[in-house]
2 protein chains.
Amino acid sequence: MLSHKAKYALKALLYLAEQDENHISRTVEIADGANIPKKFLEQILLDLKRGRFVSSKQGKFGGYYLIKSKNDITLAEIHRLFDGAIALLPCASLNFYEPCSDCKTEDECSLRHGLMLIRDKTLKAMEGITIASLVKK
Amino acid sequence: MLSHKAKYALKALLYLAEQDENHISRTVEIADGANIPKKFLEQILLDLKRGRFVSSKQGKFGGYYLIKSKNDITLAEIHRLFDGAIALLPCASLNFYEPCSDCKTEDECSLRHGLMLIRDKTLKAMEGITIASLVKK
DNA sequence: TTTAAATCCTAGTAAATCTATAGAATTAAT
DNA sequence: ATTAATTCTATAGATTTACTAGGATTTAAA
């Protein structure tokens, strides 16, 4: 399941993607438009900025805007930024790999192989969902 | 990501599936064999019993054994039993459906449609992983 | 140069959830 | 009866989640 943070991030990106080119959106505007608690959204937008999905203009008349094409922002990326690994166990993860502490011998984790199959399919599906694909309905 | 509970459940089922027909496994035996904390495993086995994956014999010489074919126990079922919904949001879930509280109008959740596509693919993949498929490697 | 309006930053907090552990009750075989 | 197992209930401690608070910083207009 997605965390609220990840869900809000997607909705915020969706909101930004729906605005006119060159429009700058204030946090409060996004919060109202997408029904997200404002102070919580502030943090999320900062995370999205650090992740180079959006950029911001500070000070009066400042706000946020997309710097990555809505066709190139995938669900997989947002999941990784806010909720971490897509794989079901760390030992089956590409980007968040960690060995299992409870598996006897390192590469004989009985679950690993099967979970890597799942990971590949889920990842492929998640990379197919972009902000653009969500916005046009 | 899977919880430890779900991971331990899979490993316990795997252990049971590897035993001879008619063999009854004590909790401590499974715990040692699959490297799972014994008291924690007790709870997990009770959950698996309530889910009708295993059954038990009480008292001396008692223990646990599979009552569902290892070909019919899927990752999807274990995920649902221990970690709940497979979908990324409750509004996109088949078995754990709940409407989003933060979506303006009920069926205009901007994320729902895309997440249902993911759910279908992930579910299909997870139904393809059985205890039997994990045991034979 | 002051002021207003925005982002940015660091904490903190209440609630829930997760990962176990403890101990007693129950059941069955010897 | 005794022993050895499951079963049940409660709870502790740690972590995570979902926010909230308050202020510092930045920018632009008046």
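This is a predicted model: local features need pLDDT of at least 70, side-chain atom pairs count only at pLDDT 80 or more; totals for chains, interfaces and linings use all residues.

Trainee: Okay, and which other elements give two or more residues to the surface near DNA strand D?

Mentor: Besides α3 (38-50) of chain B, the elements that give two or more residues are β1 (54-57) and β2 (63-66) of chain B, together with α1 (4-18) and α3 (38-50) of chain A.

Trainee: How many residues surround DNA strand D, and which are the closest?

Mentor: There are 27 residues around DNA strand D, and the closest are Lys39(A), Gln43(A), Lys49(B), Ser56(B) and Tyr64(B). On the DNA side, sugar and phosphate account for 68% of the atoms of DNA strand D that come within 4 Å of the protein.

Trainee: What classes of residue make up the surface near DNA strand D?

Mentor: By class, that surface has twelve polar, nine charged and six nonpolar residues. Glu42(B) turns to another part of the DNA, with a polar side-chain atom 3.5 Å from a base nitrogen of DNA strand D.

Trainee: What does Glu42(A) have within reach on DNA strand C?

Mentor: A polar side-chain atom of Glu42(A) lies 2.9 Å from a base nitrogen of DNA strand C. Phosphate oxygens of DNA strand C are also approached, one being 3.0 Å from an N or O atom in the side chain of Arg26(A) and one 3.5 Å from an N or O atom in the side chain of Lys57(B).

Trainee: Changing topic, what rotation superposes chain B on chain A?

Mentor: A rotation of 180°, with 0.0 Å of shift along its axis, superposes chain B on chain A with an RMSD of 0.1 Å. The two copies are therefore related as by a two-fold rotation axis. Among the residues of chain B, Thr122(B) comes closest to that axis, its C-alpha being at 2.7 Å. The same surface serves both copies, since 100% of the contact residues of chain B recur in chain A.

Trainee: How many residues does each chain bring to that contact, and how much area is buried?

Mentor: The contact takes 36 residues from chain A and 36 residues from chain B. About 3,200 Å² is buried between the two chains, of which carbon and sulfur atoms give 66%.

Trainee: And how many salt bridges cross the interface?

Mentor: The rule finds four salt bridges across the interface of chain B and chain A, and one of them joins the side chains of Lys7(A) and Asp102(B), at 2.8 Å from N to O. On the side of chain B that touches chain A, the elements that give two or more residues are α1 (4-18), α2 (27-34), α4 (75-83) and α5 (112-128) of chain B, and α5(B) gives the most, with eight residues. By class, that side of chain B has 22 nonpolar, six polar and eight charged residues.

Terms used:
Residues are numbered from 1 along each chain as its sequence is written. Chains are lettered from A and ligands numbered from 1 in the order in which they are written. Side-chain values use heavy atoms; hydrogens and water are left out. Contact means heavy atoms within 4.5 Å. Buried area is the accessible area (1.4 Å probe) that two parts lose on being put together, summed over both. Helices (H or I, at least four residues) and strands (E, at least two) are DSSP runs, numbered from the N terminus. Ala, Val, Leu, Ile, Met, Phe, Trp, Tyr, Cys and Pro count as nonpolar, Asp, Glu, Lys and Arg as charged, and the others, Gly among them, as polar. A residue is near a molecule or strand if one of its heavy atoms lies within 4 Å of it. A polar contact is a pair of N or O atoms within 3.5 Å; within protein, one must be able to donate a hydrogen and the other to accept it, and residues adjacent in sequence count only if both atoms are side-chain atoms. Copies are superposed by least squares on the C-alpha atoms of residues with pLDDT of at least 70 in both.
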